[in-house]
Each structure stands twice: as C-alpha cells, then as structure tokens.
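Hi,

Here is the structure I promised to pass on. Have a look at it first, and then read my notes below.

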Amino acid sequence: MKVFKPGDIKHIDNLCVDKYQIPTLILMEHAGIKISEEIQKKFNKESKVLIMAGKGNNGGDGLVVARLLYNLGYKVKVLYLGNYKTGDSKINFDILNSLDVYKTNSIADLGELLLWSEVVVDAIFGVGFRGNLVQEYIDIFSMINNSKRYVISVDVPSGLGSSNYTFNNIVVKANKTVTLGCLKENLLLPTGRENSGELVVSDIGLPKDLMEQFEVSTFLITPNMAKELLPKRVENSHKGTYGTGLIVGGSLGMSGAVILAAQAALKSGIGLLYTLVSEKLVDVIENNCIESITIPMPKGLIELDKYLKNTKSVAIGPGLSTENNEVLFLYFVENYKGSMVIDGDGLNLLANLKLHDLICENHVLTPHPKEMSRLTGLTVEEITSDPITVAREFSVKHNCTLVLKGSTTCIATKDGDVYLNTTGNNGLATGGSGDVLAGLIMSFMAQGLSQDEAAILGVYLHGLTADIISEGKGYYSLLPSDIPKELHKGFKKIQKG
Ligand SMILES: NC(=O)C1=CN([C@@H]2O[C@H](COP(=O)(O)OP(=O)(O)OC[C@H]3O[C@@H](n4cnc5c(N)ncnc54)[C@H](O)[C@@H]3O)[C@@H](O)[C@H]2O)[C@@H](O)CC1
Ligand SMILES: [K+]
C-alpha cells in the first residue's frame with residue numbers, strides 16, 4: 001500500500017487544482033463530512049463537541065465539522081486560533097459566522113471548554129506543521145492530553161513532525177485519527193503510532209487516476225502483499241526444492257542464538273539446514289535442532305567450500321561474538337556469492353573491520369538502531385528520528401537490502417524503496433528475537449525469494465506471529481523461542497489473507 005510524504009501531499013494538492021480542476025474547498029468539505037461521520041458513529045446528537053481549529057487548512061476542516069455537526073443538532077463549541085484572512089478556511093469561517101455557533105479565540109477559556117465537552121476535534125495542525133512549538137501550543141496540547149476526553153484528530157495528531165520527530169516532545173494524543181485521502185509516513189512511525197489511536201484512512205474524493213499514477217517510494221506491508229510472497233509448496237517436491245541454508249554463529253555462551261535462528265528456518269519451510277558453530281557447541285546444537293546438520297568449525301576454512309557449493313543462503317552473525325571471528329567473517333563476505341543475512345555480531349564485525357565496500361546486492365543487513373549507529377557513524381537519535389531516510393540512503397549507497405529494526409521496521413531496497421512493517425509488539429523486545437528473524441529471512445531466500453521479498457515476508461511474519469501469541473500470553477511472557485513454535489499460526493493467518 002502506498003505511503004505518502006508531506007511533500008507528496010502538497011504536490012497532490014497542486015495537481016488536484018491545476019490538472020483535475022478540483023478546488024480544494026471541495027476536498028475540505030469532503031474532509032469535514034468524513035470526520036463528522038466518524039463522530040456520528042460513536043456519539044449521539046446530545047453530545048457536546050469542542051472543535052479546536054488551527055490557523056491553516058487543518059483548522060478549515062475543523063470549521064466544516066463544526067458547521068455540519070451544528071446542522072445535525074449536536075452541541076458544538078469552537079475554539080479557533082487563526083485570523084482566516086484568505087483561502088478556504090476563511091470561506092468556512094465566514095459561513096460559520098452566519099450561524100449561531102458558539103465561537104471563541106480565547107485560549108484562557110480552554111480549561112472550561114474541555115470540562116464542558118465530551119469529544120474534542122483536534123484540527124490544530126495537519127501536514128503543514130513545521131518546526132518548533134511555542135509555549136502557548138505546548139499548554140494547549142497538554143490540556144487536551146490531560147482532559148481525558150475522546151479526541152479525534154483530523155489528518156494527523158497535531159504536532160506530529162514530518163518523520164518520527166517530536167518537537168518539545170509533545171503531540172496531541174488521539175483516540176482516533178481520520179487521515180485524509182492517503183496514508184502518511186509519519187503516522188506509521190513509532191511516534192505517530194503512539195499518538196494516533198485508531199487510524200482510519202478516509203476517501204475525500206482525490207482523483208483515482210491521480211492516486212494510482214502518483215509514484216511513491218514508501219509502502220506499508222499489507223496482509224495481501226505477504227500472502228503473495230509466500231514461497232509456493234508443490235505436491236511433487238523433495239528437500240532440494242526448498243533450498244539449503246547455513247547459519248554461521250554461536251560462540252560459547254551464545255548457542256541459543258543459533259538454535260533460535262535454526263528453529264525459525266526449519267519451521268518456515270527450508271529444505272535442508274546446516275549450522276556452522278564452534279566445535280564445543282556441536283552437542284548442544286545437535287540436541288536442540290535434530291533436523292539440522294551441524295558442522296564444527298574447521299581449521300582450514302577452505303573445507304567449507306563443499307558445503308557452500310550447494311547452499312543457497314547464509315545467515316551469519318547470530319551469537320557469533322566479535323572476538324577471534326574476523327577471518328571467518330571476512331571469508332564469508334569475500335567468498336560467498338549466494339544470498340546472505342548479516343545479523344548481530346556479523347554487523348559489528350562489518351563495522352569494526354570497515355568492510356562497507358564489500359556489502360553487495362546479495363546481502364540483507366538486519367541492524368537495530370545501535371548496530372546501525374556503528375555502521376553509519378550516526379547517533380541512535382539521528383537514526384530513530386528519521387529511520388526511513390536513514391535506511392533508504394544506506395541501502396542505495398551500499399546496493400543492498402537493509403532491515404532497520406524497530407517498533408516500525410523499515411526494509412529498504414537497493415532501488416530506494418522502503419517497506420514499513422507494523423506487525424509485532426513490545427513483547428519482541430527480548431534478546432533472541434533478532435536471531436529468529438535472521439533465520440526466517442535466510443530460510444525464505446533458500447526457498448527462492450529475493451533478498452527484498454524474504455526480508456519483507458520474514459519481518460511481517462515474525463511480527464504477526466508475535467501478535468498472535470500475545471493475544472493469549474500478553475506481552476510480558478512472550479519469548480523469542482515461542483515464535484518458531486507458533487509460526488504455523490502466522491503462516492495460516494497469512495494464507496487466509
Ligand atoms: N491535501 C489536501 O488535499 C487537503 C488538505 N486538507 C487539510 O489541510 C491540511 C494542511 O493544511 P495547511 O497546509 O494549511 O497546514 P496546517 O493546517 O497543517 O498548518 C499550517 C498552519 O500552521 C502554522 N504552523 C505550522 N507550524 C507551526 C508551528 N510549529 N507553530 C505554530 N504554527 C505553525 C502555519 O503557519 C500555518 O498557518 C491537511 O493536514 C488537511 O487537514 C483538507 O482541507 C482536505 C484537502
Ligand atoms: K490535527
């Protein structure tokens with residue numbers, strides 16, 4: 001599903017007017033109709049609705065809502081923050097002036113108005129919000145957030161920056177956000193998701209042709225997309241049909257990482273699995289992954305060639321340790337020509353040894369923000385405040401697939417597309433869930449998916465399975481090892497569509 005940037009919205013706006021001859025006043029009316037319909041679904045005509053109308057077009061949408069609800073018989077009061085000297089908001093302000101709707105621009109009355117209200121329509125800022133907040137707005141936002149009223153945000157919760165930024169760390173916290181015409185990037189990033197409440201994308205009459213033809217480079221992973229990516233299972237098949245994979249990792253004390261990755265690979269349909277681990281770990285791996293073939297680390301790495309010949313994909317890094325593994329890591333990055341997931345200490349070795357020039361299109365890198373920081377030299381804050389751009393720039397520069405993990409994971413391709421994943425929950429924030437993900441991606445590449453496809457499906461399935469488990473277990477008790485065990489439920493849900 002297409003996801004739009006603030007710049008795209010401006011462009012769409014202009015095209016509506018110039019190419020499709022649709023005045024924005026019509027779109028504003030549609031926006032108002034859609035918001036008022038959402039209110040009617042939840043609140044009856046006895047309800048008291050406070051409209052907070054900002055000075056731009058977002059405020060104009062709010063003024064339309066005020067008129068429509070007033071006409072329907074709702075008790076409506078408006079606190080407006082603009083002068084409305086020109087444009088569509090002025091037209092709607094003038095119309096409202098001709099009606100007997102209570103209006104004030106006195107912010108000092110906000111406390112009383114909030115006490116009076118049952119529903120607050122947050123039409124203070126939309127996608128035109130920029131920069132910092134002055135104290136007056138910080139106070140307004142705090143009062144709304146502390147009011148315990150039902151808040152419905154128009155387009156975006158007010159104060160949400162264009163990416164994952166927050167200015168002065170405050171955003172209006174909505175119960176529901178009705179976003180207009182199309183999905184916006186910032187709503188899908190963590191700050192947007194935390195503050196939007198239930199998210200509804202509302203059709204406001206933007207031309208179908210325009211929206212279909214408009215090119216974007218950010219997408220939301222949908223159930224349908226995941227379904228289409230599932231590797232096909234065929235009746236007449238054998239283990240060779242579903243590919244051979246290899247997990248390289250597991251230093252002393254970290255055998256669990258390999259076991260988790262291996263369980264995930266085995267439970268996601270791989271044909272044959274090898275694990276390559278330190279000799280001392282062979283027994284523990286064999287005991288826990290009876291379907292895999294365990295290879296003890298040979299003295300001469302050249303001995304690995306006979307295994308690698310038939311191996312379609314590798315995951316290197318789970319539990320590997322950065323100590324004494326430089327030669328091994330370099331061997332794989334330089335010699336292995338199949339698809340390869342580089343995870344955990346594989347990423348740290350990549351960063352420590354400055355091997356960025358060896359990253360190529362066969363590689364899927366799966367850093368969390370701290371590992372990304374080591375890879376890029378950016379701070380964690382710089383990465384998390386604009387993860388889409390950071391991920392995109394890296395994948396294009398290094399011609400690889402990058403999975404930047406987070407509560408919204410960004411999968412960036414070498415072509416510059418970014419896929420956002422919103423499955424998963426805070427129960428995944430436990431050491432080991434990344435190993436499961438690495439095993440899944442490796443498994444899907446062994447089964448014939450491209451690097452991008454495997455990353456998209458792996459990330460989606462990983463989060464979806466966690467969500468399914470959490471429905472029964474809650475978030476506290478979710479363990480990475482639960483995911484391979486319950487993976488069949490994730491697959492089933494994807495297959496159903
Ligand atoms: N794109 C479209 O096709 C449509 C957009 N509509 C609405 O228009 C909105 C965008 O309208 P605008 O571009 O007028 O922008 P907004 O209404 O989001 O905000 C812009 C106003 O806020 C002020 N502002 C921005 N940052 C500020 C800050 N940090 N502190 C104080 N003031 C600040 C600006 O000076 C300007 O007056 C959308 O979010 C949506 O609600 C709808 O009317 C329907 C059609
Ligand atoms: K808003």
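One convention before the notes: Ala, Val, Leu, Ile, Met, Phe, Trp, Tyr, Cys and Pro count as nonpolar, Asp, Glu, Lys and Arg as charged, and the others, Gly among them, as polar. With that, the shell around ligand 1 splits into 13 nonpolar, 12 polar and five charged residues.

Please keep in mind that this is a predicted model. The average pLDDT of the protein is 95, and 100% of the residues reach at least 70. The ipTM is 0.98 and the pTM 0.95.

Now to the ligand. There are 30 residues around ligand 1, and those that come nearest are Gly56, Asn57, Asn58, Gly126 and Gly128. Helices α1 (6-18), α2 (24-42) and α3 (57-72) each give at least two residues to the shell. The largest share, five residues, is from α3.

The other place I looked at is strand β18, residues 418-421. Is this strand covered or open on its faces? Both faces are covered: Val418 and Leu420 are buried on one side, and Tyr419 and Asn421 are buried on the other.

β18 also has strand partners. Strand β9 (residues 218-220) pairs with β18 in the parallel sense through three bridges, and Leu220 sits opposite Leu420. Strand β17 (residues 409-412) runs antiparallel to β18, with four bridges joining them; here Leu420 is the bridge partner of Cys410. β17 and β18 make a hairpin with five residues between them, and Gly416 in the turn has a positive phi of about 95°.

Best wishes

Methods: Residues numbered from 1 in each chain as written. Chains lettered and ligands numbered in written order. Predicted model: local features only at pLDDT ≥ 70, side-chain atom pairs only at ≥ 80, totals over all residues. Near = placed C-beta within 6 Å. pLDDT = per-residue confidence, 0-100. Buried ≥ 20, exposed ≤ 12 C-beta atoms within 10 Å, placed from the backbone. Pairing = 2+ DSSP bridges.
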